[in-house]
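Open the model in your viewer and keep the selection tool at hand. We will go stop by stop.

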Amino acid sequence: MTGTLSVVVACHNQAGFVAAAIDSILAQSRAPDEIIVVDDGSHDGSAAVVRGFGDRVRLIVQPNRGAAAARNAGVAAATGALLAFLDADDLWPPASLASRLDHLERTGAALVFGRVRQSRGADDQGGPAIPGRLAGAMLIRRAAFDRVGGFDERYRTAETIDWLARADEAGIVQANCDAVVLIRRIHGGNLMIRTAAPAADSLRVLRGAVARRRALS
Amino acid sequence: MEVAVEDRPVSVNAPLVVSETIDGEAIVMHHGSGLYFDIVGSGALLWEAIERTTTRAALAATLVAAYRLAPAQADSVVRDWLATLAEHDLIAYGVAPAAAAAAVPVAVAAEPFAAPVLGVHADLADMLLLDPIHDVDEAGWPMGRAHG
């Protein structure tokens with residue numbers, strides 16, 4: 001037995017999606033020991049939706065500071081020896097946690113990813129299952145997370161890329177399981193891809209990765 | 001009228017490629033391959049010019065001005081550098097004469113000339129190939145409009 005498992009859900013203005021995300025956590029074949037939702041300054045009633053789940057979900061409300069800060073707040077409150085993350089507009093298939101946990105135990109890795117499908121609606125079975133090093137597809141031992149440190153709150157986007165670059169540099173042993181563990185929901189407002197702001201953050205993250213490597217060499 | 005190769009405009013292969021040059025270091029990301037690149041020294045100087053759209057002839061003139069290279073050497077360096085960038089699909093050539101090709105005044109470089117080197121990084125390709133769709137929802141992260 002690997003230990004207790006905490007799930008951190010970061011939520012900003014996802015009132016229309018967060019209930020399904022939480023339902024998908026509650027439907028896990030291996031139930032987590034703790035579900036923490038961090039409402040990051042929503043102004044669309046997201047927190048009220050979360051409160052509707054009663055004591056099955058712990059809600060933390062904070063002013064809007066971005067996904068990195070929301071996840072960090074959730075991690076700070078989490079008590080589990082294992083951590084998993086889900087964005088409030090995404091879903092986990094029922095065996096998501098069990099698949100990752102089984103792979104973590106079998107491989108002895110500190111961090112396990114699974115595959116990801118992108119879906120454009122209830123009737124969309126999703127595209128191909130692709131390996132995805134995304135926060136929502138990750139299961140990590142708490143001690144390994146603490147070695148890397150929290151998500152960098154300077155980044156409003158690309159914070160997971162930065163975090164994983166640091167995990168790579170810290171030598172965190174990673175493994176990938178073949179199961180689909182995350183359904184990324186592509187919905188109305190989130191198709192503005194590759195705009196200037198995310199590109200700028202990504203470039204800053206990459207510049208940081210290059211600088212750290214140069215300092216080590 | 002056909003435009004001579006050295007006068008064709010060369011620019012960043014947008015929108016597939018995004019880049020930023022700060023303090024003499026360019027970081028370049030290719031959304032199609034997931035590769036990212038770092039460029040310093042003479043390469044960064046040339047890349048900055050490419051970001052503004054330039055020509056092969058203007059790039060060679062930049063090297064002559066910055067490093068006092070002989071024109072023939074500068075031309076050779078630029079040809080090799082553009083070939084390297086093209087190999088990674090980082091640049092695009094236009095067909096019309098380049099209006100913006102006027103040489104930008106360049107200070108003499110403090111460092112001696114060294115041929116441009118393209119640092120190629122593939123370690124984060126899997127992540128860079130996944131669009132950051134959740135991060136750019138105008139109603140959600142990175143910042144709600146009411147807070148923006």
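Start with one residue pair. Now widen the selection to strand β1, residues 9–12 of chain B. 3 bridges join β1 to β6(B), and the two strands run antiparallel.

You now have an open sheet of 3 strands in the order β5-β1-β6, with antiparallel pairing. In chain B, β5 (54–55) and β6 (91–93) are the edges; each has a single partner strand, so one side of each lacks a neighbour in the sheet.

This is a predicted model, so check the confidence before going further. Chain B averages a pLDDT of 82, and 79% of the residues score at least 70. For the complex, the predictor gives an ipTM of 0.81 and a pTM of 0.79.

Next, the helices. Select residues 41–51 of chain B, which form helix α1. Which of its residues are buried? They are B:Ser42, B:Gly43, B:Leu45, B:Leu46, B:Trp47, B:Ala49 and B:Ile50. Step past the helix to B:Thr53, which follows α1(B) and has a positive phi, near 75°.

Move to helix α2, residues 56–67 of chain B.

Colour α2(B) by burial. The helix is mostly covered, with 9 of its 12 residues buried. Among them are B:Arg56, B:Leu59, B:Leu63 and B:Tyr67. What covers them? The cover over the buried residues of α2(B) includes β1, α1, β5 and α3 (71–87) of chain B. Show β1 again here, the strand joined to β6(B) by 3 bridges. After α2(B) comes B:Arg68, whose phi is also positive, near 55°.

Now the other sheet. Select β2, β3, β4 and β7 of chain B. They form an open sheet of 4 strands in the order β2-β3-β4-β7, with antiparallel pairing. Its edge strands are β2 (17–22) and β7 (119–121) of chain B, each pairing on one side only. From one strand to the next, the twist averages 15°.

Zoom in on β2(B) and β3 (residues 25–30) of chain B. 6 bridges join these antiparallel strands. Pick B:Thr21, and you will find B:Ala26 of β3(B) opposite.

Last stop: residues 132–148 of chain B. Here pLDDT stays under 50, although the model has 52 contacts beyond four places in sequence for this stretch.

Terms used. Residues are numbered from 1 along each chain as its sequence is written. Chains are lettered from A and ligands numbered from 1 in the order in which they are written. This is a predicted model: local features need pLDDT of at least 70, side-chain atom pairs count only at pLDDT 80 or more; totals for chains, interfaces and linings use all residues. Two strands pair if DSSP finds at least two bridges between them. Axes are lines fitted to C-alpha atoms, for helices over the stretch in contact, and angles run from 0 to 180 degrees between N-to-C directions. A residue is buried if 20 or more other C-beta atoms lie within 10 Å of its own, exposed if 12 or fewer, and partly exposed in between; C-beta atoms are placed from the backbone. pLDDT is the predictor's confidence in each residue, from 0 to 100. Two residues are in contact if their C-beta atoms, placed from the backbone, lie within 7 Å.
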